[in-house]
Amino acid sequence: MATNKRVFTLRLEDEVFDKIGVLATKEHRSMTNYIEYVLMKHLEEMEKEHPTLQPKDDK
């Protein structure tokens, strides 16, 4: 199944990468899925604090 998600690279120190791996394992998630989960959770919190938080439509 095709998705239209964008992909990007994270440049992290090995220690940070390893810590994320430990947290992902505790949550029974892949590292990619855990990072997505954390980012989406943070975005939800920020949108509650800043209701006008929206990307600019440059198209």
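Guide: A helix here is a DSSP run of H or I with at least four residues, and helices are numbered from the N terminus. The model you see is predicted.

Visitor: Where is the place of Ala24?
Guide: Look at residues 14–26, which make up helix H1. Ala24 has its place in helix H1.

Visitor: Is Ala24 buried or exposed?
Guide: Buried means under 20% relative accessible area. The relative accessible area of Ala24 is 1%, so Ala24 is buried.

Visitor: Leaving aside neighbours within four places in sequence, which residues is Ala24 in contact with?
Guide: Contact means heavy atoms within 4.5 Å. With neighbours within four places in sequence set aside, the partners of Ala24 are Arg29, Ser30, Met31 and Tyr34.

Visitor: At what angle do H1 and H2 pack?
Guide: Two packed helices are described by the angle between their axes and the distance between those axes. For H1 and H2 the axes lie 9 Å apart. The two helices are therefore roughly perpendicular to each other. Their angle is about 90°.

Visitor: Which residues in H2 meet those in H1?
Guide: Start on the H1 side, with Phe17, Ile20, Gly21, Leu23 and Ala24. Facing them from H2 are Met31, Tyr34 and Ile35.

Visitor: Where is His28 found?
Guide: His28 is not a glycine, yet its phi is positive, about 55°. Its relative accessibility is 75%, so His28 counts as exposed. His28 sits in the loop between H1 and H2.

Visitor: Which rings form the aromatic pair, and is it stacked or tilted?
Guide: One aromatic pair turns up in a search of the whole structure. The rings belong to Tyr34 and Tyr37, with centres 6.3 Å apart and planes at 40°. Planes under 30 degrees apart count as stacked and those over 60 as edge-to-face. The planes of Tyr34 and Tyr37 are at 40°, so the pair is tilted.

Visitor: What separates Tyr34 and Tyr37 in helix H2?
Guide: Helix H2 covers residues 31–49, and Tyr34 and Tyr37 are three residues apart in it. That places between them about one helical turn.

Visitor: Which is buried, Tyr34 or Tyr37?
Guide: The cut-off for buried is under 20% relative accessible area. Tyr37 has 33%, so Tyr37 is partly exposed. With 13% relative accessibility, the buried residue is Tyr34.

Visitor: Which residue lies over the face of Tyr37?
Guide: Look 4.1 Å from the ring centre of Tyr37. The residue over that face is Arg29.

Visitor: What distance separates the C-alpha atoms of Ile35 and Leu23?
Guide: Ile35 and Leu23 are twelve residues apart along the chain. Their C-alpha atoms are separated by 9.9 Å.

Visitor: How many Å apart in space are Gln54 and Arg6?
Guide: Gln54 is in the segment after H2. With a relative accessible area of 57%, Gln54 is exposed. In sequence, Gln54 and Arg6 are 48 residues apart. C-alpha to C-alpha, the distance is 17 Å.

Terms used. Residues numbered from 1 in each chain as written. Predicted model: local features only at pLDDT ≥ 70, side-chain atom pairs only at ≥ 80, totals over all residues. Heavy atoms only, no water. Phe/Tyr/Trp six-rings, centres within 6.5 Å; stacked < 30°, edge-to-face > 60°. Buried < 20%, exposed > 50% of the residue type's maximum accessible area, 1.4 Å probe, protein only. Lys NZ or Arg CZ within 6 Å of the ring centre and 35° of its normal. Axes fitted to C-alpha atoms, helices over the stretch in contact; angles between N-to-C directions. Parallel < 35°, antiparallel > 145°, perpendicular 65-115°, else oblique.
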